[in-house]
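Subject: Structure handover and notes

Hello,

Please find the structure below, with my notes after it. The notes go from single contacts to the chain overall.

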Amino acid sequence: MTNVYLFCTKLQKRIVSLKKIAWALMILSLLISFYGLYKMDYQISTYPLYILFPAAGFNLIAYILALIILLLGRKQTQLKYSFGGELSDWYEPTYLYNKSIHWLDTILNNLQTKGVSFQKSIIFSPSANIGKYEYDISKRYPNSIVVATDITAPNDHLTTENNFTYLLGNNNAMDARNFLKGNNIDKVDIIFDIKGALWYSDNDLERLLKEYYFILNKGGNIVFDAYGFSLKYLFRMNPRIYGYRENSTFSKINKKLNKSEWVFKHFEIILAGKGETKIAILRKK
(Lines give C-alpha, C1' and ligand atoms only; values in the text may rest on other atoms or scores of the structure.)
Protein backbone atom coordinates (compact mmCIF):
# COMPACT_ATOMS: atom_id res chain seq x y z
CA MET A 1 0.00 0.00 0.00
CA THR A 2 2.86 2.37 0.87
CA ASN A 3 4.55 1.69 -2.49
CA VAL A 4 1.31 2.46 -4.36
CA TYR A 5 0.93 5.67 -2.37
CA LEU A 6 4.51 6.79 -3.15
CA PHE A 7 4.18 5.92 -6.83
CA CYS A 8 0.86 7.78 -7.19
CA THR A 9 2.24 10.81 -5.35
CA LYS A 10 5.41 10.93 -7.49
CA LEU A 11 3.41 10.53 -10.71
CA GLN A 12 1.03 13.28 -9.63
CA LYS A 13 3.95 15.66 -8.91
CA ARG A 14 5.57 14.89 -12.27
CA ILE A 15 2.36 15.64 -14.15
CA VAL A 16 1.97 18.96 -12.29
CA SER A 17 5.63 19.84 -13.12
CA LEU A 18 5.06 19.05 -16.80
CA LYS A 19 1.96 21.26 -16.77
CA LYS A 20 3.99 24.16 -15.36
CA ILE A 21 6.66 23.76 -18.04
CA ALA A 22 4.04 23.54 -20.79
CA TRP A 23 2.31 26.70 -19.54
CA ALA A 24 5.64 28.55 -19.34
CA LEU A 25 6.54 27.56 -22.91
CA MET A 26 3.17 28.61 -24.28
CA ILE A 27 3.38 31.99 -22.51
CA LEU A 28 6.94 32.48 -23.79
CA SER A 29 5.82 31.61 -27.32
CA LEU A 30 2.98 34.13 -27.05
CA LEU A 31 5.29 36.90 -25.83
CA ILE A 32 7.78 36.23 -28.64
CA SER A 33 4.92 36.32 -31.16
CA PHE A 34 3.76 39.71 -29.84
CA TYR A 35 7.32 40.99 -30.09
CA GLY A 36 7.42 39.73 -33.66
CA LEU A 37 4.26 41.66 -34.48
CA TYR A 38 5.85 44.77 -33.00
CA LYS A 39 8.90 44.28 -35.25
CA MET A 40 6.86 43.39 -38.33
CA ASP A 41 7.38 45.52 -41.41
CA TYR A 42 3.79 46.34 -42.42
CA GLN A 43 4.84 48.16 -45.61
CA ILE A 44 6.14 44.98 -47.19
CA SER A 45 4.18 42.63 -44.90
CA THR A 46 7.15 40.58 -43.71
CA TYR A 47 7.26 38.83 -40.35
CA PRO A 48 10.80 38.53 -38.95
CA LEU A 49 11.79 34.84 -39.29
CA TYR A 50 14.21 35.02 -36.38
CA ILE A 51 11.10 35.58 -34.23
CA LEU A 52 8.79 33.11 -35.96
CA PHE A 53 10.93 29.99 -35.62
CA PRO A 54 11.63 30.23 -31.85
CA ALA A 55 7.96 30.98 -31.17
CA ALA A 56 6.83 28.01 -33.24
CA GLY A 57 9.47 25.80 -31.58
CA PHE A 58 8.38 26.67 -28.05
CA ASN A 59 4.77 26.13 -29.00
CA LEU A 60 5.55 22.72 -30.53
CA ILE A 61 7.40 21.59 -27.38
CA ALA A 62 4.44 22.75 -25.27
CA TYR A 63 2.04 20.65 -27.36
CA ILE A 64 4.34 17.61 -27.11
CA LEU A 65 4.32 18.01 -23.33
CA ALA A 66 0.53 18.28 -23.43
CA LEU A 67 0.39 14.97 -25.30
CA ILE A 68 2.66 13.34 -22.70
CA ILE A 69 0.45 14.68 -19.89
CA LEU A 70 -2.63 13.34 -21.66
CA LEU A 71 -1.09 9.89 -22.13
CA LEU A 72 0.11 9.72 -18.51
CA GLY A 73 -3.36 10.70 -17.32
CA ARG A 74 -5.03 8.03 -19.43
CA LYS A 75 -2.56 5.20 -18.90
CA GLN A 76 -2.48 5.58 -15.12
CA THR A 77 -6.23 6.06 -14.63
CA GLN A 78 -6.79 3.20 -12.20
CA LEU A 79 -3.78 4.24 -10.10
CA LYS A 80 -5.45 7.61 -9.56
CA TYR A 81 -8.12 5.82 -7.54
CA SER A 82 -5.60 3.94 -5.39
CA PHE A 83 -4.55 5.11 -1.93
CA GLY A 84 -2.56 8.32 -2.43
CA GLY A 85 -3.88 8.93 -5.93
CA GLU A 86 -5.48 12.23 -6.86
CA LEU A 87 -8.91 10.57 -7.12
CA SER A 88 -8.66 8.31 -4.06
CA ASP A 89 -11.46 10.27 -2.34
CA TRP A 90 -13.41 10.80 -5.55
CA TYR A 91 -16.96 9.74 -4.62
CA GLU A 92 -18.32 12.58 -2.51
CA PRO A 93 -16.71 15.47 -4.47
CA THR A 94 -17.82 13.91 -7.77
CA TYR A 95 -21.34 13.42 -6.41
CA LEU A 96 -21.48 17.10 -5.41
CA TYR A 97 -20.05 18.12 -8.81
CA ASN A 98 -22.71 16.05 -10.58
CA LYS A 99 -25.40 17.73 -8.49
CA SER A 100 -24.06 21.12 -9.58
CA ILE A 101 -24.43 20.21 -13.28
CA HIS A 102 -27.79 18.39 -12.72
CA TRP A 103 -26.20 15.19 -13.99
CA LEU A 104 -28.82 12.75 -12.73
CA ASP A 105 -31.75 14.83 -14.03
CA THR A 106 -30.14 15.05 -17.46
CA ILE A 107 -29.15 11.42 -17.85
CA LEU A 108 -32.58 10.21 -16.74
CA ASN A 109 -34.15 12.45 -19.40
CA ASN A 110 -31.63 11.24 -21.99
CA LEU A 111 -32.40 7.63 -21.13
CA GLN A 112 -36.13 8.20 -21.40
CA THR A 113 -35.72 9.46 -24.97
CA LYS A 114 -34.11 6.10 -25.80
CA GLY A 115 -36.91 4.05 -24.26
CA VAL A 116 -35.30 3.34 -20.88
CA SER A 117 -37.96 3.82 -18.22
CA PHE A 118 -37.17 3.70 -14.50
CA GLN A 119 -40.88 3.58 -13.66
CA LYS A 120 -42.11 0.31 -12.14
CA SER A 121 -38.71 -1.30 -12.72
CA ILE A 122 -36.23 -3.40 -10.78
CA ILE A 123 -32.98 -1.41 -10.88
CA PHE A 124 -29.71 -3.04 -9.84
CA SER A 125 -26.47 -1.16 -9.17
CA PRO A 126 -23.55 -3.59 -8.69
CA SER A 127 -20.93 -0.87 -8.01
CA ALA A 128 -22.88 1.57 -5.88
CA ASN A 129 -20.13 2.62 -3.45
CA ILE A 130 -22.03 4.66 -0.82
CA GLY A 131 -25.22 4.44 -2.87
CA LYS A 132 -26.29 8.10 -3.06
CA TYR A 133 -27.24 8.06 -6.75
CA GLU A 134 -29.25 4.88 -6.27
CA TYR A 135 -30.99 6.30 -3.21
CA ASP A 136 -31.88 9.44 -5.20
CA ILE A 137 -33.34 7.24 -7.95
CA SER A 138 -35.42 5.32 -5.40
CA LYS A 139 -36.91 8.61 -4.18
CA ARG A 140 -37.75 9.72 -7.72
CA TYR A 141 -39.38 6.40 -8.60
CA PRO A 142 -41.16 5.12 -5.46
CA ASN A 143 -42.99 2.47 -7.52
CA SER A 144 -39.67 0.86 -8.50
CA ILE A 145 -37.29 -1.40 -6.58
CA VAL A 146 -33.68 -0.22 -6.33
CA VAL A 147 -31.01 -2.69 -5.24
CA ALA A 148 -27.45 -1.51 -4.59
CA THR A 149 -24.23 -3.20 -3.49
CA ASP A 150 -20.48 -3.22 -4.19
CA ILE A 151 -17.51 -5.56 -4.32
CA THR A 152 -16.12 -3.75 -1.27
CA ALA A 153 -18.94 -1.88 0.41
CA PRO A 154 -17.81 1.19 2.39
CA ASN A 155 -18.77 1.32 6.06
CA ASP A 156 -20.73 4.56 5.56
CA HIS A 157 -23.00 3.28 2.78
CA LEU A 158 -26.67 4.18 2.88
CA THR A 159 -28.93 1.69 4.62
CA THR A 160 -32.03 -0.06 3.34
CA GLU A 161 -35.14 2.13 3.36
CA ASN A 162 -38.55 1.70 1.70
CA ASN A 163 -37.92 0.72 -1.97
CA PHE A 164 -34.13 1.11 -1.64
CA THR A 165 -32.08 -1.91 -0.57
CA TYR A 166 -28.33 -1.96 0.05
CA LEU A 167 -27.23 -5.61 0.10
CA LEU A 168 -24.97 -6.32 3.05
CA GLY A 169 -21.50 -7.74 2.62
CA ASN A 170 -19.04 -7.45 -0.25
CA ASN A 171 -20.57 -8.68 -3.50
CA ASN A 172 -18.67 -9.24 -6.74
CA ALA A 173 -20.68 -8.32 -9.86
CA MET A 174 -19.26 -11.45 -11.53
CA ASP A 175 -21.41 -13.47 -9.11
CA ALA A 176 -24.53 -11.30 -9.38
CA ARG A 177 -26.98 -14.08 -10.20
CA ASN A 178 -26.13 -15.95 -7.00
CA PHE A 179 -26.22 -13.14 -4.47
CA LEU A 180 -29.33 -11.63 -6.08
CA LYS A 181 -31.08 -15.00 -5.97
CA GLY A 182 -30.09 -15.25 -2.30
CA ASN A 183 -32.06 -12.02 -1.84
CA ASN A 184 -35.12 -13.32 -3.76
CA ILE A 185 -34.33 -11.47 -7.01
CA ASP A 186 -34.15 -13.51 -10.21
CA LYS A 187 -34.27 -10.85 -12.91
CA VAL A 188 -33.82 -7.08 -13.15
CA ASP A 189 -34.89 -4.48 -15.72
CA ILE A 190 -31.97 -2.02 -15.48
CA ILE A 191 -28.34 -2.47 -14.45
CA PHE A 192 -26.97 0.91 -13.40
CA ASP A 193 -23.18 0.58 -13.73
CA ILE A 194 -21.70 4.09 -13.59
CA LYS A 195 -17.88 3.98 -13.34
CA GLY A 196 -18.18 0.56 -11.81
CA ALA A 197 -17.69 -3.11 -12.60
CA LEU A 198 -17.64 -2.55 -16.37
CA TRP A 199 -15.01 0.18 -15.97
CA TYR A 200 -12.78 -2.25 -14.06
CA SER A 201 -13.60 -5.32 -16.18
CA ASP A 202 -10.45 -5.23 -18.37
CA ASN A 203 -9.96 -8.78 -19.74
CA ASP A 204 -13.16 -10.06 -18.07
CA LEU A 205 -15.55 -7.81 -20.00
CA GLU A 206 -17.35 -10.56 -21.92
CA ARG A 207 -17.62 -12.73 -18.82
CA LEU A 208 -19.19 -9.84 -16.87
CA LEU A 209 -21.60 -9.04 -19.70
CA LYS A 210 -22.69 -12.69 -19.81
CA GLU A 211 -23.48 -12.45 -16.09
CA TYR A 212 -25.45 -9.25 -16.72
CA TYR A 213 -27.24 -10.85 -19.67
CA PHE A 214 -28.34 -13.73 -17.47
CA ILE A 215 -29.95 -11.48 -14.81
CA LEU A 216 -31.58 -9.03 -17.25
CA ASN A 217 -35.16 -9.37 -18.40
CA LYS A 218 -35.63 -9.42 -22.17
CA GLY A 219 -35.35 -5.86 -23.44
CA GLY A 220 -33.56 -4.90 -20.23
CA ASN A 221 -30.81 -2.30 -20.26
CA ILE A 222 -27.29 -1.88 -18.92
CA VAL A 223 -26.69 1.84 -18.33
CA PHE A 224 -23.17 3.28 -18.04
CA ASP A 225 -21.25 6.55 -18.52
CA ALA A 226 -20.04 7.59 -21.97
CA TYR A 227 -18.66 11.13 -21.63
CA GLY A 228 -15.53 12.12 -23.55
CA PHE A 229 -12.14 12.75 -21.94
CA SER A 230 -12.22 16.30 -20.56
CA LEU A 231 -9.30 18.23 -22.05
CA LYS A 232 -10.30 21.27 -19.99
CA TYR A 233 -8.51 19.68 -17.02
CA LEU A 234 -5.30 19.05 -18.95
CA PHE A 235 -3.40 22.15 -17.82
CA ARG A 236 -5.05 22.67 -14.42
CA MET A 237 -2.33 22.97 -11.76
CA ASN A 238 -4.48 21.68 -8.92
CA PRO A 239 -4.67 17.87 -9.28
CA ARG A 240 -7.69 17.68 -6.96
CA ILE A 241 -10.10 19.73 -9.06
CA TYR A 242 -13.09 17.46 -9.44
CA GLY A 243 -14.93 16.73 -12.64
CA TYR A 244 -14.35 14.36 -15.54
CA ARG A 245 -10.59 13.96 -15.82
CA GLU A 246 -10.35 10.36 -17.00
CA ASN A 247 -11.85 8.06 -19.59
CA SER A 248 -15.48 7.08 -19.31
CA THR A 249 -16.55 3.45 -19.12
CA PHE A 250 -17.68 3.55 -22.76
CA SER A 251 -14.33 5.00 -23.89
CA LYS A 252 -12.48 2.23 -22.05
CA ILE A 253 -14.53 -0.73 -23.32
CA ASN A 254 -15.75 0.49 -26.72
CA LYS A 255 -13.04 -1.27 -28.76
CA LYS A 256 -13.68 -4.57 -26.99
CA LEU A 257 -17.43 -4.18 -27.48
CA ASN A 258 -16.97 -3.66 -31.22
CA LYS A 259 -14.67 -6.69 -31.51
CA SER A 260 -17.00 -9.07 -29.69
CA GLU A 261 -19.35 -11.09 -31.90
CA TRP A 262 -21.13 -12.28 -28.75
CA VAL A 263 -21.95 -8.69 -27.72
CA PHE A 264 -23.44 -7.83 -31.13
CA LYS A 265 -25.46 -11.03 -31.07
CA HIS A 266 -26.94 -10.38 -27.63
CA PHE A 267 -27.01 -6.59 -27.17
CA GLU A 268 -27.89 -3.41 -29.03
CA ILE A 269 -25.49 -0.50 -28.35
CA ILE A 270 -27.23 2.88 -27.93
CA LEU A 271 -25.80 6.31 -27.05
CA ALA A 272 -27.75 9.25 -25.61
CA GLY A 273 -26.90 12.84 -24.70
CA LYS A 274 -23.64 14.73 -25.07
CA GLY A 275 -20.72 16.10 -23.10
CA GLU A 276 -20.42 15.16 -19.45
CA THR A 277 -23.96 13.78 -19.40
CA LYS A 278 -23.52 11.43 -22.36
CA ILE A 279 -24.72 7.96 -21.45
CA ALA A 280 -24.43 4.52 -23.03
CA ILE A 281 -26.97 1.69 -23.13
CA LEU A 282 -26.55 -2.01 -23.84
CA ARG A 283 -30.06 -3.33 -24.55
CA LYS A 284 -30.66 -7.06 -24.30
CA LYS A 285 -32.01 -8.47 -27.56
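To start with a surface side chain: Glu-161 counts as partly exposed, at 34% relative accessibility. Buried here stands for under 20% relative accessible area and exposed for over 50%, with partly exposed in between (1.4 Å probe, protein chains only). Glu-161 forms a salt bridge with Lys-139, and the closest N and O atoms are 3.1 Å apart. The pair links distant parts of the chain, with Glu-161 in the loop between β2 (145-148) and β3 (164-166) and Lys-139 in helix α6, 22 residues apart. Lys-139 is partly exposed as well, with a relative accessible area of 45%. A salt bridge is counted when a side-chain nitrogen of Lys or Arg lies within 4 Å of a carboxyl oxygen of Asp or Glu. Helices (H or I, at least four residues) and strands (E, at least two) are DSSP runs, numbered from the N terminus.

Some housekeeping before the rest. This is a predicted model, in which local features need pLDDT of at least 70 and side-chain atom pairs count only at pLDDT 80 or more, while totals for chains, interfaces and linings use all residues. Residues are numbered from 1 along each chain as its sequence is written, and side-chain values use heavy atoms, with hydrogens and water left out.

Other salt bridges

The count by this rule comes to 5 salt bridges. One of them joins the side chains of Lys-132 and Glu-92 at 2.8 Å, N to O. This pair links distant parts of the chain, Lys-132 being in helix α6 and Glu-92 in helix α4, 40 residues apart. Glu-92 is partly exposed at 31% relative accessibility. Another salt bridge is formed by Asp-105 and Arg-140, with 2.7 Å between the closest N and O atoms. Asp-105 lies in helix α5 and Arg-140 in helix α6, so this pair ties together parts that are 35 residues apart in sequence. Asp-105 counts as partly exposed because its relative accessibility is 32%, and Arg-140 because its value is 37%.

Helix α5

Helix α5 covers residues 103-113, and its buried residues are Trp-103, Leu-104, Ile-107, Leu-108, Asn-110 and Leu-111. They span an arc of only 160° around the axis, which puts them on the same side of α5; the arc is that of the directions from the helix axis to the C-beta atoms. An α-helix has 3.6 residues a turn, so residues three or four places apart point the same way. On the other side of α5, Gln-112 and Thr-113 are exposed. What do the buried residues of α5 pack against? They pack against α4 (91-100), α6 (132-140), β4 (188-192), β5 (216-225), β6 (267-272) and β7 (279-284), where a contact means heavy atoms within 4.5 Å. Just after α5, Gly-115 takes a positive phi of about 80°.

Strand β7

β7 is mostly covered, with 6 of its 6 residues buried. Ile-279, Ile-281 and Arg-283 are buried on one side, and Ala-280, Leu-282 and Lys-284 on the other. β7 runs antiparallel to β5, joined by 5 bridges, and antiparallel to β6, joined by 6 bridges. Strands are taken as paired if DSSP finds at least two bridges between them. Val-223 has Ile-281 in β7 as its bridge partner, and Leu-271 has Ala-280 in β7. The hairpin of β6 and β7 has 6 residues between the strands, and Gly-273 there takes a positive phi near 80°.

Ser-248 is in the loop between β5 and α9 (249-259) and counts as buried, at 0% relative accessibility. Leaving out residues up to four places away in sequence, Ser-248 touches Trp-199, Asp-225, Ala-226 and Tyr-227.

Ile-27, Leu-30, Leu-31 and Phe-34 make a nonpolar surface patch of about 410 Å². Patches are made of residues with over 30% relative accessible area and no salt bridge: like charges are joined within 9 Å, nonpolar side chains (Val, Leu, Ile, Met, Phe, Trp, Tyr) within 5 Å. Accessible areas come from the Shrake-Rupley method with a 1.4 Å probe, and for residues only the protein chains shown count as cover. Ile-27 is found in helix α1 (residues 2-39) and is partly exposed at 46% relative accessibility.

Chain overall

The protein chain has 10 helices and 7 strands, and 48% of its 285 residues are buried. Among its contacts with a separation of 6 or more, residues 24 or more positions apart account for 68%. The accessible surface of the chain comes to about 15,200 Å², with 57% belonging to carbon and sulfur atoms.

Regards
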